[in-house]
Every structure is written in C-alpha cells, then in structure tokens.
Amino acid sequence: MRKITAACAILLFCVIGLAQAEETTSSPDHKNTAFQTAIVVYHLSGDTEGTRRLFIESDRVAVEQQLTKWPPAFPFNRNRFQLEDSSGIYDIDLDRRTGTKRSKQSSHRQAMKDYFEESVLEFYGGKVRPTGNKEVAGVQCDAYEGSSITGSGLRIHCFHRGLLVQQEIQEQVGPHRIREVLEAVEVQFDVPIPETKFQLPDGIEIEE
C-alpha cells in the first residue's frame, strides 16, 4: 500500500514523476524572458477534484492546492502548499500543520519543474511529441502527448508562453486506473503578487 500511495502522490501533485532534477526555468540562474510574474488558477477534475493556484516571481514558485474529492483508497493531503525559493523546497500539509524542507538538488524538485515547458521536454525527451495547438482559458497553447513516466499510461500537456495551462494524466497504479485533469481557468502575466504568497504559513513544524 505504501508503494501505491507514493506512486499516486506523484500523479496527484503535478506533475508527476519525482525524479533527478536538473536546471529549469524556475531556477535562480535561468533568465525567464517570457514574463516577470505569473498567476495561474487551475481546476482539477477526474479522480481528484479541487483547485490549484500557481504563483511565479523570479526564482520563486509557490503552489496552493485545495481538494474536494480524491480517490478514497489513497490518503492525500487535501490542503497543501509548496514553495521553491533560494533556500530550498518546502512541502506543507495544511491539515496536519506539518511540512518538510528539501534541498534544490532533491528529487522532489521535479514536481515543481513540470509547470515549465522547457523542463518537461528536457525531462521526458522522446516520450512526448507535439500535437499542434489549441485554446485553453482564452489563450493559445502548444500541445504535447506521450506515454507516462512508467510507460503504462498517457500524459497530455499544453503550454502557453512556456507555462503549463492544461495537463491530463492517465496511469495504472496497481489495480487502480487513475485519471487526473488539470486545466487553467485563469491566466495572468506580469501582475503584482502579494509577498504573502511566497511565505510559509505560521505555526508549521518543518522537518529537514
């Protein structure tokens, strides 16, 4: 059960393969010329339902997630906060008020990197292929399709200005067929982001 839960967690909190990380658009020494800041609000559907919000400013990436539905066989964090900044990567369980801190060299970084087109194409390589473009949340995006990281499922990505606006993952995890759709419903670039969006919540016990 522990192996199944871990595999599902990889699918559920974007994106999805916690693997060896390399340099990406979210790293401090990468010059992102497409935008200065970005806010994306996503709707989650399929075996999980809820909302996810992505905030990007310079080398900082923050993700807020609230779930209203998830596969009953798997104990996921309903309310979750992730932050990558110059000090490391934080993963906060807002229900239990606990969290972890990992270095930027940690394998956990891939979940943050998968919001960026450049990183996805680098990491998955020949497993994804371009399929054209379409409109999501009122913006045009470049679509890709390919096999999942395990090879037993399907993944579809769509990026606008190098940023993820749509993703679908279908994966066989043990006896369970998992399907998750992440789709942007609001996309904003070069807008002010409150500093509080990149701050850890108070009262959280952090394990390093």
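**Exercises on charged and polar side chains**

In this predicted model, Glu 57 and Arg 60 form a salt bridge in which the closest N and O atoms are 2.4 Å apart.

**Exercise 1.** Find where the partners of the salt bridge between Glu 64 and Lys 197 lie in the chain, and classify both by accessibility.

*Solution.* The side chains of Glu 64 and Lys 197 meet at 3.3 Å, taken from N to O. This pair links distant parts of the chain, because Glu 64 lies in strand β3 (residues 60-69) while Lys 197 lies in the loop between β11 (176-189) and β12 (205-207), 133 residues apart. Glu 64, at 16% relative accessibility, is buried, whereas Lys 197, with a relative accessible area of 23%, is partly exposed.

**Exercise 2.** Which side chain makes a polar contact with the side chain of His 157, and is His 157 buried or exposed?

*Solution.* Locate His 157 in strand β9, which covers residues 154-160. The side chain of His 157 makes its polar contact with the side chain of Arg 155, at 2.8 Å. Finally, His 157 has a relative accessible area of 0%, so the residue is buried.

Key
Residues are numbered from 1 along each chain as its sequence is written. This is a predicted model: local features need pLDDT of at least 70, side-chain atom pairs count only at pLDDT 80 or more; totals for chains, interfaces and linings use all residues. Side-chain values use heavy atoms; hydrogens and water are left out. Helices (H or I, at least four residues) and strands (E, at least two) are DSSP runs, numbered from the N terminus. Buried means under 20% relative accessible area, exposed over 50%, partly exposed in between (1.4 Å probe, protein chains only). A polar contact is a pair of N or O atoms within 3.5 Å; within protein, one must be able to donate a hydrogen and the other to accept it, and residues adjacent in sequence count only if both atoms are side-chain atoms. A salt bridge is a side-chain nitrogen of Lys or Arg within 4 Å of a carboxyl oxygen of Asp or Glu.
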